[in-house]
Amino acid sequence: MKYFAYVIMIVSLGLGIFNATHINFSAPLQGDSIVALITVIASLCAIFLMLILLTSKRIEEKVKQSSKN
């Protein structure tokens, strides 16, 4: 699960960077720029979700270890 989250984060980062290059900063809410902007925001959301997942897994492991002691 840990490696899967890292792969998702890397793919999401790549897509975000790729789509950030397609944003027309003079008119970001017109034409294809809006699609690129939405994709960048979605990729950032995916990264944050994976970070939350990894953090919750670390907490789960610590709780299991403390309950064994």
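I started with S67, which lies in helix 2. Helices here are DSSP runs of H or I with at least four residues, strands are E runs of at least two, and both are numbered from the N terminus. S67 counts as exposed, at 58% relative accessibility. My cut-offs are under 20% relative accessible area for buried, over 50% for exposed and partly exposed in between, with a 1.4 Å probe and protein chains only. I also took a C-alpha distance from S67 to G14: 40 Å, for two residues 53 apart along the chain.

Housekeeping. This is a predicted model, so I note that local features need pLDDT of at least 70, side-chain atom pairs count only at pLDDT 80 or more, and totals for chains, interfaces and linings use all residues. Residues are numbered from 1 along each chain as its sequence is written, and side-chain values use heavy atoms, with hydrogens and water left out.

Entry 2, the whole chain. I find two helices and zero strands. The C-alpha atoms fill a box of roughly 60 × 20 × 10 Å along the principal axes. The radius of gyration is 17 Å, whereas a compact globule of 69 residues would come in near 11 Å. That radius is taken over C-alpha atoms, and the globule rule is 2.2 Å times the number of residues to the power 0.38. Buried residues make up 20% of the 69.

V40 lies in helix 2 and counts as buried because its relative accessibility is 16%. The C-alpha atoms of V40 and G16 are separated by 4.5 Å, though the two are 24 residues apart along the chain. For the chain, among contacts with a separation of 6 or more, 57% are between residues 24 or more positions apart.

Is S33 buried or exposed? Buried, at 4% relative accessibility. S33 is also in helix 2, and its side chain reaches the backbone nitrogen of N24 at 2.8 Å. Leaving out residues up to four places away, S33 touches H22, I23, N24, A27 and P28.

I searched the whole structure and got two, calling it a salt bridge when a side-chain nitrogen of Lys or Arg is within 4 Å of a carboxyl oxygen of Asp or Glu. One pairs E60 with K57 at 3.7 Å, N to O. These two are about one helical turn apart because they sit three residues apart in helix 2 (residues 32-68). E60 is partly exposed at 37%, and K57 is partly exposed at 34%. The other bridge joins K64 and E60, also 3.7 Å, N to O. Shared partners make K57, E60 and K64 one network.

V7, V11 and L15 form one on the surface, with about 250 Å² of accessible area together. Patch members have over 30% relative accessible area and no salt bridge; like charges are joined within 9 Å, nonpolar side chains (Val, Leu, Ile, Met, Phe, Trp, Tyr) within 5 Å. Areas come from the Shrake-Rupley method with a 1.4 Å probe, and for residues only the protein chains shown count as cover. L15 lies in helix 1 (residues 2-20) and is partly exposed at 45%.

Note on methods
A polar contact is a pair of N or O atoms within 3.5 Å; within protein, one must be able to donate a hydrogen and the other to accept it, and residues adjacent in sequence count only if both atoms are side-chain atoms. Contact means heavy atoms within 4.5 Å.
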